[in-house]
Amino acid sequence: MFRNLEAEQARSGLTNQRVADKIGISRSSYEHKKKTGKFYLSEIFKLCELFNCEFLYLFAKDAA
């Protein structure tokens with residue numbers, strides 16, 4: 001769903017498990033949230049900090 005989130009994760013060489021660990025959730029929750037976009041605000045802040053990206057970039061939706 002979020003192409004830039006996927007790209008930043010790949011650039012950083014982080015697995016879904018590692019990202020989930022860093023933001024304090026399970027791997028399966030992280031994978032589900034990447035599909036649905038239903039992150040908590042605290043998780044969004046942690047992801048933006050982890051990837052050193054602005055919210056609007058990191059969570060830009062794919063053009064349909």
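A: Contact here means heavy atoms within 4.5 Å. The model is a predicted one. With that cut-off, the cover over the buried residues of helix 2 (16-23) includes helix 1 (3-12), helix 3 (27-36) and helix 4.

Q: Which residues of helix 2 are buried?
A: They are Asn16, Val19, Ala20 and Ile23.

Q: Where do they sit around the helix axis?
A: Viewed down the axis of helix 2, the buried residues lie within an arc of 100 degrees, so they line one face of the helix.

Q: What comes just after helix 2?
A: Gly24 does, and its phi is positive, at about 85 degrees.

Q: On to helix 4. Which residues are buried there?
A: In helix 4 (41-51), the buried residues are Glu43, Ile44, Leu47, Cys48 and Phe51. They span an arc of only 135 degrees around the axis, which puts them on the same side of helix 4.

Q: And what does the face turned away from that buried side carry?
A: That face carries the exposed residues Leu41, Phe45 and Glu49.

Q: What covers the buried residues of helix 4?
A: The cover includes helix 1, helix 2, helix 3 and helix 5.

Q: Now the largest nonpolar core. Which members touch the most others?
A: The core has 16 residues, and those touching the most other members are Leu5, Tyr30, Phe39, Leu47, Phe51, Leu58 and Phe59. Helix 2 and helix 4 are the elements that give two or more residues to this core. Helix 4 gives the most, with four residues.

Q: What is Leu47 in contact with, leaving aside neighbours within four places in sequence?
A: With those neighbours set aside, Leu47 contacts Leu5, Val19, Ile23, Tyr30, Phe39, Leu58 and Phe59.

Q: A change of topic: Lys33. Buried or exposed?
A: Lys33, a residue of helix 3, counts as buried because its relative accessibility is 10%, and the cut-off for buried is under 20%. Apart from neighbours within four places in sequence, Lys33 is in contact with Ile25, Lys38, Phe39, Tyr40 and Glu43.

Q: Last one, Asn52. Where is it?
A: Asn52 is in the loop between helix 4 and helix 5 (55-58). Its phi is near 50 degrees, a positive value in a residue other than glycine.

Q: Is Asn52 buried or exposed?
A: Asn52 is exposed, with a relative accessible area of 71%.

How values were computed:
Residues are numbered from 1 along each chain as its sequence is written. This is a predicted model: local features need pLDDT of at least 70, side-chain atom pairs count only at pLDDT 80 or more; totals for chains, interfaces and linings use all residues. Side-chain values use heavy atoms; hydrogens and water are left out. A nonpolar core is a set of buried Ala, Val, Leu, Ile, Met, Phe, Trp, Tyr and Cys residues joined through side-chain atoms within 4.5 Å. Buried means under 20% relative accessible area, exposed over 50%, partly exposed in between (1.4 Å probe, protein chains only). The arc is that of the directions from the helix axis to the C-beta atoms.
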